[in-house]
Amino acid sequence: ASQFEDAHDLLFRRWATKKAGGSTKNNRDSLPKMLGVKKLGGQHVIPGNIIVRQRGTRFRYGEGVGIGRDHTLYALIEGHVKFQWNNVTKRQTVSVLPPGKFGDVCHHKALEARSFNQMDKAMGYLGLAKYAYSHAGDEMVQGFEKVKEAAAKIQQRATKKNLELQAPTPNVAVPEP
C-alpha cells in the first residue's frame, strides 16, 4: 500500500454521524379499555344501558340486570340502579329496581334518617323518591302523596327540635294529564 492510497482512503472514508441506537423492546402501549361504573346508584336506566364494565365479576348481577360474556353488567328493565354489599360473598350486587319500588326504598330511608334526626339526609332521600315516582307511571300520584306526607313530618320534627333545614323541600305538585 502506497502513501497515496492511505491518504486517499482517509479522505474518502465515511465516518458514522450517529451512534447506533439499538432496538427497544417495551415501546408499545394498548388502547384504554374504558372499564368502571357507568351508571351510579339511583340513576335512571333503560333496557340495554351499560351499568358496569369490568374484568371478572367484581360486581355481581342482581334483579333486573344481565351479564355479557365479557362480564359487562347491563339493564334488562327500566328503573333505577341500586348497589348492595353482600357480606357472604364480600362483593357488591347491582340491581335495577322499577321506579315505584325504588321510590319506596328511598321513602323508607328518608323516614329512617328522620328517626335519627338527620333531616337534611331525609330530605335528600325524599328528593330521590320524588324523582323515582315521577317515572313510575300509575304509581306516581300515590308516591307523590307519600313524599308530601313525609316532607311534612320531617319539617314538623325539624321545627320541634329547633333544627334548621339546609336541603330544600321537594316540590311534589302532581302534573295535570
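**Strand and helix contacts in the predicted model**

S95 is buried, with a relative accessible area of 6%, and its place is in strand β8, which spans residues 91-97. The model discussed here is a predicted one. When residues up to four places away in sequence are not counted, S95 touches G62, E63, V65, H80, V81, K82 and Q84.

The protein chain as a whole contains four helices and eight strands, and from the N terminus on its elements run in the order α-β-β-β-β-β-β-β-β-α-α-α. Of the 177 residues of the protein chain, 28% count as buried. Among the contacts in the protein chain with a separation of 6 or more, 52% are accounted for by residues 24 or more positions apart.

A search of the whole structure finds one aromatic pair; the ring centres of F59 and F83 are 5.9 Å apart and the ring planes stand at 70°, so the pair is classed as edge-to-face, the class for planes over 60 degrees apart. The pair links distant parts of the chain, with F59 in strand β4 (residues 59-61) and F83 in strand β7 (residues 79-86), 24 residues apart. With a relative accessible area of 11%, F59 is buried, whereas F83, with a relative accessible area of 24%, is partly exposed.

The place of N117 is in the loop between α2 and α3, and N117 is partly exposed, with a relative accessible area of 34%. As background to both cases, most residues other than glycine have a negative phi.

The axes of helix α2 (residues 99-115) and helix α3 (residues 119-134) come within 8 Å and cross at roughly 170°. Because angles over 145 degrees count as roughly antiparallel, α2 is roughly antiparallel to α3. The crossing of α2 and α3 is left-handed.

V105 lies in helix α2 and, at 23% relative accessibility, counts as partly exposed. Leaving aside its neighbours within four places in sequence, V105 is in contact with K82 and L97. From C-alpha to C-alpha, V105 and A132 are 9.9 Å apart in space, and in sequence they are 27 residues apart.

Helix α3 also makes a contact with helix α4 (residues 140-160), where the two axes come within 9 Å and cross at roughly 170°. The helices α3 and α4 are therefore roughly antiparallel to each other. The contact is made by M119, A122, M123, L126, A129, K130, Y133 and S134 of α3, together with M140, G143, F144, K146, V147, A150, A151, I154, Q155, R157 and A158 of α4. The residues of this contact of α3 with α4 divide into 13 nonpolar, three polar and three charged.

A158, one of the α4 residues in that contact, is buried, with a relative accessible area of 3%. Apart from its neighbours within four places in sequence, A158 is in contact with M119, L163 and L165. A158 and R114 are 44 residues apart in sequence, and the distance between them in space is 9.0 Å, C-alpha to C-alpha.

Notes:
Residues are numbered from 1 along each chain as its sequence is written. This is a predicted model: local features need pLDDT of at least 70, side-chain atom pairs count only at pLDDT 80 or more; totals for chains, interfaces and linings use all residues. Side-chain values use heavy atoms; hydrogens and water are left out. Axes are lines fitted to C-alpha atoms, for helices over the stretch in contact, and angles run from 0 to 180 degrees between N-to-C directions. Helices (H or I, at least four residues) and strands (E, at least two) are DSSP runs, numbered from the N terminus. Angles under 35 degrees count as roughly parallel, over 145 as roughly antiparallel, 65 to 115 as roughly perpendicular and the rest as oblique. A crossing is left-handed if the near helix is turned anticlockwise from the far one by less than a right angle, and right-handed if clockwise. Contact means heavy atoms within 4.5 Å. Ala, Val, Leu, Ile, Met, Phe, Trp, Tyr, Cys and Pro count as nonpolar, Asp, Glu, Lys and Arg as charged, and the others, Gly among them, as polar. Rings of Phe, Tyr and Trp (its six-membered ring) pair if their centres lie within 6.5 Å; planes under 30 degrees apart count as stacked, over 60 as edge-to-face and the rest as tilted. Buried means under 20% relative accessible area, exposed over 50%, partly exposed in between (1.4 Å probe, protein chains only).
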